[in-house]
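Thank you all for coming; I would like to walk you slowly through one structure today, beginning with a single residue and then widening the view.

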Amino acid sequence: MADRAAGLLTPEAVRLDARAAGHDDAVRVCGQVLVGAGAVEPGYVDAMLERERSISTYLGEGVAIPHGTNEARGLIHRDALAFVRFPEGVDWNGESVTVCIAIAARGDGHMEILAELAQVLMDPDKARELREADDPGRILALLDPRAADEQPTDPLQTGQGHTV
C-alpha cells in the first residue's frame, strides 16, 4: 500500500485463522478486530453491516474490504486496517471470500486507501500470497510495497557475487 495506507495495519490487527458462518458474521469478526485494536467504537460494527447491505465490499480474488458508512465516522478513534483470513472461506453473496481487509478511516482518506488496496489486490499473485501467508510480518510486507523497495539490490549487500 502506498504512503496513505502503509502503517495503518499492525501485527496485532492480523488474524490468520478466523471462522464465520456467513458474510455478516465475517463483517462482525472484522469489526471486532478494529474494536479490539482501539481504532473504533463497538457501534462501528453495525455501520460496517449497514454498508455491506447497501453495496457489497467484495473486490474479487477472494478478497472483501468491509468498512463503515460515512455517517459512522464519529465512531472512529483513528484510521486503521484489520486483516482477517478465513481459511475455510465465507460465502459472500455467492462468492467465496478468504481474506477481509477491514477499513476504518475518519476523513476522506478511505477512498485513497480503497484505491491502494484495490491496486495491490488486482495482482493475482499478491492476492494468492495474501491468502496463503502464514506470518503477520509477511502480510504487512505484501500490503506495503515500500518494504519490497527497501530490499538491497547491490550484489555486495545481498551476499551474492562474493567468492569464497
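Does Asp79 count as buried or exposed? At 15% relative accessibility, Asp79 counts as buried, because buried means under 20% relative accessible area, exposed means over 50%, and partly exposed is what lies in between, with a 1.4 Å probe and protein chains only. Before I go on, please keep in mind that this is a predicted model, in which local features need pLDDT of at least 70 and side-chain atom pairs count only at pLDDT 80 or more, while totals for chains, interfaces and linings use all residues. Residues are numbered from 1 along each chain as its sequence is written, and side-chain values use heavy atoms, with hydrogens and water left out.

Asp79 lies in the loop between β3 (63–64) and β4, where helices (H or I, at least four residues) and strands (E, at least two) are DSSP runs, numbered from the N terminus. A polar atom of the Asp79 side chain lies 2.8 Å from the backbone nitrogen of Arg106.

Now to the sheet, which is open and formed by 5 strands in the order β1-β4-β5-β3-β2, with mixed pairing; two strands pair if DSSP finds at least two bridges between them. β1 and β2 (58–60) stand at the edges with a single partner strand each, so one side of each is left without a neighbour in the sheet. Strand β1 (residues 14–15) pairs with strand β4 (residues 80–92) in the parallel sense over 2 bridges, and Arg15 has Val84 as its bridge partner in β4. Val84 in turn has Cys100 as its bridge partner in β5, and β4 pairs with strand β5 (residues 95–104) in the antiparallel sense over 9 bridges. The hairpin of β4 and β5 has 2 residues between the strands, and there Asn93 takes a positive phi near 55°.

Which residues of α1 are buried? They are His23, Ala26, Val27, Cys30, Gly31, Val33 and Leu34. These cover an arc of only 150° around the axis, which puts them on the same side of α1; the arc is that of the directions from the helix axis to the C-beta atoms. The buried residues of α1 pack against β1, α2 (43–54), β4 and β5, where contact means heavy atoms within 4.5 Å. After α1 comes Gly38, whose phi is positive, near 80°.

Methods:
Polar contact = N/O pair within 3.5 Å; in protein donor to acceptor, adjacent residues only side chain to side chain.
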